[in-house]
Amino acid sequence: MAQNPSFPVKPVVIGIYGLPGSGKTTVLNQLRMTLGEDHFMYFEGSDEIGKLVCGGITSFKMLDDKARHDFRELAISCTKNNCIAHGKTGVITGHFMFWNEGKRSGSTVYTQSDLDTYTHILYLDVPPMEIVKRRLDDPGRDRSHVSINHVQRWVEAEKQMLRDLCNRNNILFCAMTPNMIPKEVERLLYDFSKHDEQHNLSKALNTLDSIPAIKSGTLGRMIVLDADRTLTSQDTGDLFWKKISPLLEYAGGERPKTPAQVVFESPLGYSYDAFRQVTLLHEERLRGDEYDTVCKDIASSVTLDGEFLNFLHLIAQQEHVAAVVVTCGLAQIWKYVLELEGLQEKITVIGGGRISAGFVVTAEVKGALVGHLKDKHHHEVCAFGDSPLDLEMLSRAGKAIVVVGDEASRSVSMETALKKAIENDGLKAKQCLRPSHVSPRLTTEVLPIIELMDPDFMDSLVSECGEATKLKVTSADKLNPKAVKTLMTPMRNSNVQGPRLREAHSDVGWYLANTFLPALIGVEEAAIPHPQRHNTTGYQLWREDKILIVALMRGGEPMAFGVNRAFERAMFMHAYQPIDLQHDHLEDRFAVILVYSVVNSWGTILDFMRHIRDLNKEVPVVVTTGVMQAGCVSGGRLTAALAKYDNLQFITLRISENKYKGTGASDTGNRLFNTLHLL
């Protein structure tokens with residue numbers, strides 16, 4: 001089978017580990033029967049080594065340590081290459097340590113190649129008594145007798161060492177108890193074979209898209225909230241671990257840690273792999289019904305911040321505004337918390353916690369969800385968060401609120417990360433102190449304080465979309481009415497048409513471009529020759545050669561030519577429909593100027609803006625037009641939709657109260673191009 005070019009260089013390779021007698025070979029054979037060989041390849045580790053050694057595994061055991069190490073590395077390398085060649089997931093049984101009873105410690109037999117190859121390791125955590133019994137009852141293998149106590153020490157040593165090695169080498173680890181074998185192993189292998197960061201993000205976005213309020217298309221604004229230490233001062237993750245597992249003690253006076261903290265403080269950090277590893281820890285400790293019971297119990301002990309609770313109830317009453325809780329923690333706990341408050345029907349929780357959830361929530365996923373709400377669904381977004389994991393989400397939101405808790409429980413690393421995000425990444429945010437007497441983050445000049453239930457702040461969130469955010473419109477008739485009167489006269493004169501009318505539109509384009517675009521876009525110095533035969537300093541539009549002028553056909557062409565006459569170095573193109581604008585046209589553009597003769601409604605402009613934002617999320621857009629109907633400026637559904645876009649400005653010669661839309665001889669396009677005979 002030819003290698004699939006899209007298959008990653010490092011394939012998914014899953015190790016099945018456990019003591020001799022734990023049933024690795026039995027599990028491997030069961031997997032081969034149930035999962036088949038279309039997507040998986042199965043390897044018995046000792047057999048793969050035996051294939052490489054003259055005389056097989058018996059001769060291998062007689063080699064010195066160095067030779068055995070080299071053959072082990074060669075065997076795992078061959079297995080990895082085999083998986084790559086066939087584009088399949090590999091499942092390999094292996095040994096980690098041999099330990100003869102009476103010895104103080106065992107001898108590990110893993111290699112660096114193993115650590116570089118494995119992506120996942122499943123450990124068969126079979127009770128010591130069962131292993132002893134299996135070893136005695138296995139007539140096909142010559143295995144020495146071992147005591148139950150020795151097996152217990154051996155199992156615990158292997159699990160502890162493997163967990164540490166896996167955390168340090170980006171390998172996901174899960175210990176499997178007998179009641180999880182073989183069904184849970186099959187489920188995990190299927191998940192491991194397809195789950196990566198791209199798949200993870202896709203599942204999270206699909207979950208967001210499936211929210212009924214979003215699917216209805218009636219929303220204009222979304223409130224996105226972190227959960228732990230934002231809606232409550234508590235950390236439900238810590239509560240979870242303290243309930244189901246003893247804290248892990250460390251030497252040297254270190255504070256006890258939860259298993260999750262050990263993962264996050266390892267080289268995995270707060271990565272996708274770290275959150276997946278914590279999910280596997282949940283799978284280890286509790287089965288589905290047990291997990292659900294624990295989550296429900298913990299939810300009953302969570303106390304929501306009083307003001308945030310009132311805030312959520314107020315949002316839940318709105319028709320055009322909705323809220324979603326996005327947590328890096330355990331979604332099931334927060335679903336029960338909202339259920340206890342009667343909010344489960346109105347507020348959705350997006351989070352992980354179990355393999356069945358389909359995804360984990362990382363800082364990057366939080367940011368992508370906010371971006372998706374803005375770019376695909378065209379919602380205004382207000383985001384609340386308290387930690388560095390929320391900064392990407394906050395940076396992408398239209399309104400960003402940093403929730404500041406009590407000094408004893410707030411994130412220690414947030415101060416530095418927040419300062420960096422503001423100074424280097426352009427984050428603009430405000431802070432909400434909960435409770436109100438706690439000390440603020442940074443300074444109130446850098447992060448102004450808002451009161452959560454302040455009427456003006458609440459009104460900015462629950463007001464009809466479009467009321468709180470107006471279009472940014474510059475109208476020449478308000479700034480220089482006499483100049484506008486002379487410019488608009490030939491445009492309104494029914495006797496002027498054809499070339500003379502096109503010239504009048506071009507003059508308007510030139511006037512608007514020279515009068516207003518330099519202030520919006522900026523200017524830069526440019527060396528020019530002086531009439532007295534020396535160079536002097538002139539000025540041009542800032543990065544003029546990176547400006548794109550788009551004539552919206554057909555009526556926008558004459559005016560667009562006037563804009564281009566003002567800025568000759570700008571790129572010029574025609575567009576009859578949004579799809580005429582391609583990625584190459586917008587790549588590396590400093591600004592886009594859409595030119596349209598008369599705006600009677602926002603339908604065309606909205607279609608172009610949606611298309612532009614699909615191709616380029618940030619490029620500034622300036623819509624330049626001769627006439628804009630007053631109704632388009634004052635409100636309406638399309639006006640509200642356009643008001644959501646950042647970096648969008650409008651320049652018009654005048655705003656008209658006349659709602660008449662030209663047809664036939666009064667149509668601007670027919671007058672510009674003398675096409676009355678086509679009527």
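These notebook entries record what I looked up about charged side chains in a predicted model.

**Ground rules.** I worked with a predicted model, in which local features need pLDDT of at least 70 and side-chain atom pairs count only at pLDDT 80 or more, while totals for chains, interfaces and linings use all residues. Residues are numbered from 1 along each chain as its sequence is written, and side-chain values use heavy atoms, with hydrogens and water left out.

**Salt bridges.** I searched the whole structure and found 30 salt bridges, a salt bridge being a side-chain nitrogen of Lys or Arg within 4 Å of a carboxyl oxygen of Asp or Glu. I noted that arginine 134 and glutamate 130 form one of them, at 3.2 Å from N to O. The two residues are four apart in helix α6 (residues 128-137), which means about one helical turn between them; helices here are DSSP runs of H or I with at least four residues, and strands are runs of E with at least two, numbered from the N terminus.

I then looked up arginine 434 and glutamate 307, whose closest N and O atoms are 3.8 Å apart in a salt bridge. This pair links distant parts of the chain, 127 residues apart, with arginine 434 in the loop between β13 (430-433) and α20 (455-462) and glutamate 307 in helix α15 (residues 306-316). Arginine 434 is buried at 15% relative accessible area, whereas glutamate 307 is partly exposed at 25% (buried means under 20% relative accessible area, exposed over 50%, partly exposed in between, with a 1.4 Å probe and protein chains only).

Aspartate 375 and arginine 396 also form a salt bridge, with 3.9 Å between the closest N and O atoms. Aspartate 375 lies in helix α17 (residues 363-375) and arginine 396 in helix α18 (residues 391-396), so the pair ties together parts 21 residues apart in sequence. I also recorded a network of salt bridges that links Glu184, Arg187, Glu283 and Arg354.

**Aspartate 238.** I checked this residue in helix α11 (residues 236-244) and found that aspartate 238 is buried yet has no salt bridge, the nearest side chain of opposite charge being arginine 229 at 4.2 Å. Leaving aside neighbours within four places in sequence, aspartate 238 is in contact with Arg229, Thr258 and Gln261, where contact means heavy atoms within 4.5 Å.

**Surface charge.** I listed Asp196, Glu197, Glu364 and Glu392 as a negative surface patch; patch residues have over 30% relative accessible area and no salt bridge, with like charges joined within 9 Å and nonpolar side chains (Val, Leu, Ile, Met, Phe, Trp, Tyr) within 5 Å. Glutamate 197 lies in helix α9 (residues 197-209) and is exposed, at 53% relative accessible area.

How values were computed:
Accessible areas come from the Shrake-Rupley method with a 1.4 Å probe; for residues, only the protein chains shown count as cover. Lys and Arg count as positive and Asp and Glu as negative; His and the chain ends are not counted. The place of a charge is taken as NZ of Lys, CZ of Arg, CG of Asp or CD of Glu.
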